[in-house]
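User: I would like to go through a structure with you, starting with its helices and then turning to other features. Could you take my questions as they come?

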Amino acid sequence: QDAEIVRTRDPQRLAGCDVVVDVGGEYDPGRHRYDHHQRSFTESMRSLRPDKPWSTKLSSAGLVYCHFGTQILAELLGQPEDGPVVTALYDKLYENFVEEIDAMDNGIAPAAGEPRYALSTTLSARVGHLNPRWNDPDQDTEVG
(Lines give C-alpha, C1' and ligand atoms only; values in the text may rest on other atoms or scores of the structure.)
Protein backbone atom coordinates (compact mmCIF):
# COMPACT_ATOMS: atom_id res chain seq x y z
CA GLN A 1 0.00 0.00 0.00
CA ASP A 2 2.97 2.34 0.43
CA ALA A 3 4.54 1.49 -2.92
CA GLU A 4 5.87 4.25 -5.13
CA ILE A 5 4.66 3.96 -8.72
CA VAL A 6 7.26 4.89 -11.30
CA ARG A 7 6.25 5.30 -14.95
CA THR A 8 9.34 4.83 -17.10
CA ARG A 9 10.93 2.77 -19.83
CA ASP A 10 14.44 3.73 -18.72
CA PRO A 11 16.27 0.41 -18.12
CA GLN A 12 18.44 1.92 -15.40
CA ARG A 13 15.40 3.11 -13.44
CA LEU A 14 13.61 -0.20 -14.04
CA ALA A 15 16.61 -2.11 -12.65
CA GLY A 16 16.08 -0.42 -9.28
CA CYS A 17 12.38 -1.30 -9.09
CA ASP A 18 11.11 -4.15 -6.92
CA VAL A 19 8.30 -4.99 -9.38
CA VAL A 20 8.10 -4.14 -13.09
CA VAL A 21 4.86 -4.52 -15.05
CA ASP A 22 4.21 -4.14 -18.80
CA VAL A 23 7.65 -2.70 -19.65
CA GLY A 24 11.22 -3.92 -19.61
CA GLY A 25 10.87 -6.76 -22.10
CA GLU A 26 11.21 -9.47 -19.49
CA TYR A 27 8.99 -12.09 -17.91
CA ASP A 28 10.67 -13.47 -14.81
CA PRO A 29 8.27 -14.00 -11.89
CA GLY A 30 11.18 -14.88 -9.58
CA ARG A 31 12.42 -11.30 -10.01
CA HIS A 32 8.90 -9.80 -10.25
CA ARG A 33 9.18 -8.86 -13.91
CA TYR A 34 5.82 -9.14 -15.68
CA ASP A 35 6.12 -7.99 -19.28
CA HIS A 36 4.61 -9.79 -22.27
CA HIS A 37 6.20 -7.75 -25.06
CA GLN A 38 8.81 -10.30 -26.17
CA ARG A 39 8.48 -12.10 -29.50
CA SER A 40 9.15 -15.36 -27.67
CA PHE A 41 6.38 -14.81 -25.09
CA THR A 42 3.49 -17.27 -25.53
CA GLU A 43 2.27 -17.89 -21.99
CA SER A 44 -1.40 -18.43 -21.28
CA MET A 45 -3.29 -19.22 -18.10
CA ARG A 46 -3.25 -22.90 -19.13
CA SER A 47 0.52 -22.95 -19.74
CA LEU A 48 1.27 -21.42 -16.33
CA ARG A 49 -1.56 -23.09 -14.42
CA PRO A 50 -2.36 -26.42 -16.12
CA ASP A 51 -5.49 -26.79 -13.96
CA LYS A 52 -7.05 -23.83 -15.83
CA PRO A 53 -8.63 -24.18 -19.32
CA TRP A 54 -7.91 -20.75 -20.89
CA SER A 55 -5.40 -20.58 -23.74
CA THR A 56 -5.57 -16.84 -24.53
CA LYS A 57 -2.10 -15.29 -24.56
CA LEU A 58 -1.62 -13.35 -21.34
CA SER A 59 -1.07 -9.61 -21.16
CA SER A 60 0.88 -8.11 -18.29
CA ALA A 61 -2.42 -7.67 -16.45
CA GLY A 62 -3.14 -11.37 -16.93
CA LEU A 63 0.34 -12.28 -15.70
CA VAL A 64 -0.16 -10.31 -12.50
CA TYR A 65 -3.62 -11.84 -12.06
CA CYS A 66 -2.25 -15.33 -12.72
CA HIS A 67 0.48 -14.97 -10.11
CA PHE A 68 -1.34 -12.95 -7.43
CA GLY A 69 -5.09 -13.21 -8.05
CA THR A 70 -5.85 -16.00 -5.59
CA GLN A 71 -3.71 -14.39 -2.89
CA ILE A 72 -5.44 -11.03 -3.28
CA LEU A 73 -8.94 -12.53 -3.41
CA ALA A 74 -8.25 -14.72 -0.38
CA GLU A 75 -7.07 -11.73 1.63
CA LEU A 76 -10.01 -9.55 0.58
CA LEU A 77 -12.54 -12.31 1.34
CA GLY A 78 -10.88 -13.73 4.45
CA GLN A 79 -10.95 -17.16 2.81
CA PRO A 80 -8.22 -19.75 2.18
CA GLU A 81 -6.44 -19.39 -1.18
CA ASP A 82 -7.26 -22.98 -2.15
CA GLY A 83 -10.85 -22.84 -0.91
CA PRO A 84 -13.89 -23.24 -3.16
CA VAL A 85 -15.04 -19.61 -2.85
CA VAL A 86 -11.68 -18.14 -3.91
CA THR A 87 -11.29 -20.73 -6.68
CA ALA A 88 -14.76 -20.02 -8.10
CA LEU A 89 -14.34 -16.24 -7.93
CA TYR A 90 -10.82 -16.40 -9.43
CA ASP A 91 -12.13 -18.41 -12.39
CA LYS A 92 -15.19 -16.20 -12.93
CA LEU A 93 -13.16 -13.01 -12.74
CA TYR A 94 -10.65 -14.32 -15.25
CA GLU A 95 -13.24 -15.67 -17.66
CA ASN A 96 -15.53 -12.64 -17.53
CA PHE A 97 -13.09 -9.76 -17.08
CA VAL A 98 -9.31 -10.36 -17.23
CA GLU A 99 -9.34 -12.62 -20.31
CA GLU A 100 -10.87 -9.78 -22.34
CA ILE A 101 -8.01 -7.51 -21.24
CA ASP A 102 -5.50 -10.18 -22.26
CA ALA A 103 -7.11 -10.65 -25.67
CA MET A 104 -7.54 -6.95 -26.43
CA ASP A 105 -3.97 -6.11 -25.38
CA ASN A 106 -2.60 -8.88 -27.59
CA GLY A 107 -4.76 -8.03 -30.61
CA ILE A 108 -6.84 -11.21 -30.43
CA ALA A 109 -10.23 -10.77 -32.10
CA PRO A 110 -13.38 -11.78 -30.19
CA ALA A 111 -14.49 -13.93 -33.15
CA ALA A 112 -12.93 -15.77 -36.04
CA GLY A 113 -13.47 -13.92 -39.32
CA GLU A 114 -15.42 -10.71 -39.67
CA PRO A 115 -16.98 -9.52 -36.38
CA ARG A 116 -20.74 -9.13 -36.53
CA TYR A 117 -20.67 -5.89 -34.53
CA ALA A 118 -18.21 -3.41 -33.01
CA LEU A 119 -17.22 -3.73 -29.38
CA SER A 120 -16.97 -0.09 -28.31
CA THR A 121 -17.44 -0.35 -24.57
CA THR A 122 -14.58 -2.63 -23.67
CA LEU A 123 -12.34 -1.72 -20.75
CA SER A 124 -9.55 -0.91 -23.19
CA ALA A 125 -11.81 1.45 -25.15
CA ARG A 126 -12.92 3.22 -21.98
CA VAL A 127 -9.33 3.73 -20.84
CA GLY A 128 -8.41 4.91 -24.35
CA HIS A 129 -11.06 7.62 -24.15
CA LEU A 130 -9.17 9.10 -21.18
CA ASN A 131 -6.09 9.74 -23.33
CA PRO A 132 -5.73 13.14 -25.01
CA ARG A 133 -6.66 13.36 -28.71
CA TRP A 134 -3.76 13.49 -31.16
CA ASN A 135 -4.36 17.20 -31.82
CA ASP A 136 -5.07 18.24 -28.24
CA PRO A 137 -2.64 21.04 -27.28
CA ASP A 138 -2.33 19.53 -23.78
CA GLN A 139 -0.78 16.07 -24.25
CA ASP A 140 -0.51 15.26 -20.54
CA THR A 141 -1.49 11.57 -20.41
CA GLU A 142 -1.48 11.60 -16.59
CA VAL A 143 -4.51 13.94 -16.40
CA GLY A 144 -6.95 11.31 -17.69
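Analyst: The questions below concern helices, a capping residue, salt bridges, a sheet and backbone angles. Please note that this is a predicted model.

User: Let's start with helix 3. Why does its end-to-end distance agree with its number of residues?

Analyst: Helix 3 covers residues 60-77, which is 18 residues, and at 1.5 Å a residue these should span 26 Å. The C-alpha atoms at its ends are 24 Å apart, so the two values agree.

User: Where is the kink in helix 3 centred?

Analyst: The kink is centred on phenylalanine 68 and is about 60°.

User: Which residues of helix 3 are buried, and what do they pack against?

Analyst: The buried residues are Ser60, Gly62, Leu63, Tyr65, Cys66, Gly69, Thr70, Leu73 and Ala74. They pack against strand 1 (20-21), strand 2 (27-28) and strand 3 (33-34), as well as helix 2 (45-48) and helix 4 (84-105).

User: What caps the N-terminal end of helix 3?

Analyst: Serine 59 does: one of its side-chain oxygens lies 3.2 Å from the backbone nitrogen of alanine 61. Serine 59 itself belongs to the loop between helix 2 and helix 3.

User: Is serine 59 buried or exposed?

Analyst: Serine 59 is buried, because its relative accessibility is 0%, below the 20% cut-off for that class.

User: What does serine 59 touch, apart from its sequence neighbours?

Analyst: Beyond neighbours within four places in sequence, serine 59 is in contact with His36, Ile101, Asp102, Asp105 and Asn106. With aspartate 102 there is also a side-chain to side-chain polar contact of 2.6 Å. Aspartate 102 is one of the buried residues of helix 4.

User: Then on to helix 4. How many residues does it have, and how far does it reach?

Analyst: Helix 4 has 22 residues and reaches 30 Å from its first C-alpha to its last. That is close to the 32 Å expected at 1.5 Å a residue. Helix 4 has a kink of about 45°, centred on tyrosine 94.

User: Which of its residues are buried, and what covers them?

Analyst: In helix 4 the buried residues are Val86, Tyr90, Tyr94, Val98, Glu99, Ile101, Asp102 and Ala103. Their cover includes helix 2, helix 3 and helix 5 (123-128).

User: Which residues other than glycine have a positive phi?

Analyst: Among them are aspartate 22, with phi near 70°, and histidine 32, with phi near 60°. Most residues other than glycine have a negative phi. Aspartate 22 is found in the loop between strand 1 and strand 2, and histidine 32 is in the loop between strand 2 and strand 3. Aspartate 22 is partly exposed, at 31% relative accessible area; histidine 32 is likewise partly exposed, at 30%.

User: Since you mention strands, what is the order in the sheet?

Analyst: It is an open sheet of three strands in the order 1-3-2, with mixed pairing. Strand 1 and strand 2 are the edge strands, each pairing on one side only. Strand 2 and strand 3 run antiparallel and are joined by two bridges. Tyrosine 27 has tyrosine 34, in strand 3, as its bridge partner.

User: New topic: how many salt bridges are there in the whole structure?

Analyst: A search finds five. One of them pairs arginine 31 with aspartate 28, with 3.8 Å between the closest N and O atoms. Arginine 31 is partly exposed at 42% relative accessibility, and aspartate 28 is partly exposed at 25%.

User: What about aspartate 51? Which residues does it bridge to?

Analyst: Aspartate 51 forms a salt bridge with arginine 49, the closest N and O atoms being 3.8 Å apart. Aspartate 51 also forms one with lysine 52, where the closest N and O atoms are 3.8 Å apart. Aspartate 51 counts as exposed, at 55% relative accessibility, whereas lysine 52 is buried, at 5%. Salt bridges with shared partners join Arg49, Asp51, Lys52 and Asp91 into one network.

Conventions: Residues are numbered from 1 along each chain as its sequence is written. This is a predicted model: local features need pLDDT of at least 70, side-chain atom pairs count only at pLDDT 80 or more; totals for chains, interfaces and linings use all residues. Side-chain values use heavy atoms; hydrogens and water are left out. Helices (H or I, at least four residues) and strands (E, at least two) are DSSP runs, numbered from the N terminus. The expected span of a helix is 1.5 Å times one less than its number of residues. The bend at a residue is the angle between axes fitted to the seven residues ending there and the seven starting there. Buried means under 20% relative accessible area, exposed over 50%, partly exposed in between (1.4 Å probe, protein chains only). Contact means heavy atoms within 4.5 Å. A polar contact is a pair of N or O atoms within 3.5 Å; within protein, one must be able to donate a hydrogen and the other to accept it, and residues adjacent in sequence count only if both atoms are side-chain atoms. A salt bridge is a side-chain nitrogen of Lys or Arg within 4 Å of a carboxyl oxygen of Asp or Glu. Two strands pair if DSSP finds at least two bridges between them.
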